Amino acid sequence: MIELARCGHVTQPKMSQIMALNQLAPDIQEALLNLPATKGKPEIHEKRLRPIAAMLSWEEQRAAWRGIQQSDTN
């Protein structure tokens, strides 16, 4: 993990946070990868995804993801 962080020019804790996103349900990962490119502030910040990635159930993750999507459209 330390070597990955070094290669990515981020801290080891940040790399751990990024790697935790691998725990997201595959369809959520796909939706994130397909978000349109933005300039400046990202549409959805990684910090908002941390609690979702920590959920063990993909169904719970999907419900939380829908909540994020709905709050961003309002």
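Is Lys 14 buried, exposed or partly exposed? Lys 14 is partly exposed, at a relative accessible area of 27%; buried stands for under 20% relative accessible area, exposed for over 50%, and partly exposed for in between (1.4 Å probe, protein chains only).

The legends below describe a predicted model, in which local features need pLDDT of at least 70, side-chain atom pairs count only at pLDDT 80 or more, and totals for chains, interfaces and linings use all residues. Residues are numbered from 1 along each chain as its sequence is written, and side-chain values use heavy atoms, with hydrogens and water left out.

**View 1. The protein chain has five helices and zero strands.** Helices (H or I, at least four residues) and strands (E, at least two) are DSSP runs, numbered from the N terminus. The order of elements from the N terminus on is α-α-α-α-α. The C-alpha trace spans about 40 × 30 × 15 Å along its principal axes. Of the 74 residues, 20% count as buried. Among contacts with a separation of 6 or more, 50% come from residues 24 or more positions apart, where contact means heavy atoms within 4.5 Å.

View 2. The side chain of Glu 46 meets that of Lys 14 at 3.2 Å, N to O. Glu 46 lies in helix H4 (residues 46-53) and Lys 14 in helix H2 (residues 12-20), so this pair ties together parts that are 32 residues apart in sequence. Glu 46 also forms a salt bridge with Arg 50, at 2.9 Å, N to O. Glu 46 and Arg 50 are four residues apart in helix H4, so about one helical turn separates them. Glu 46 is buried, with a relative accessible area of 14%, whereas Arg 50 is partly exposed at 30% relative accessibility.

**View 3. A salt bridge pairs the side chains of Asp 27 and Arg 62 (2.9 Å, N to O).** Asp 27 is partly exposed, with a relative accessible area of 36%.

**View 4. The axes of H3 and helix H5 (residues 58-73) come within 9 Å and cross at roughly 35°.** Axes are lines fitted to C-alpha atoms, for helices over the stretch in contact, and angles run from 0 to 180 degrees between N-to-C directions. On the H3 side, Pro 26, Asp 27, Ile 28, Ala 31 and Leu 32 meet Trp 58, Gln 61, Arg 62 and Trp 65 of H5. By class, this contact has six nonpolar, one polar and two charged residues. Nonpolar covers Ala, Val, Leu, Ile, Met, Phe, Trp, Tyr, Cys and Pro, charged covers Asp, Glu, Lys and Arg, and the others, Gly among them, are polar.

**View 5. The largest pocket has a volume of about 220 Å³.** On a 1 Å grid over the protein atoms alone, a pocket is an open set of points where a 1.4 Å probe fits, with protein on both sides within 12 Å along at least five of seven lines; lining residues have an atom within 4 Å of a point. Grid points are joined across faces, edges and corners, and the volume is the space filled by probe spheres set on the points. Ile 18, Leu 21, Asn 22, Leu 24, Gln 29, Leu 32, Leu 33, Leu 35, Ile 44 and Leu 49 form the lining. Helix H3 (residues 26-33) gives the most to this lining, with three residues. The lining has eight nonpolar, two polar and no charged residues.

Methods. Salt bridge = Lys/Arg side-chain N within 4 Å of Asp/Glu carboxyl O.
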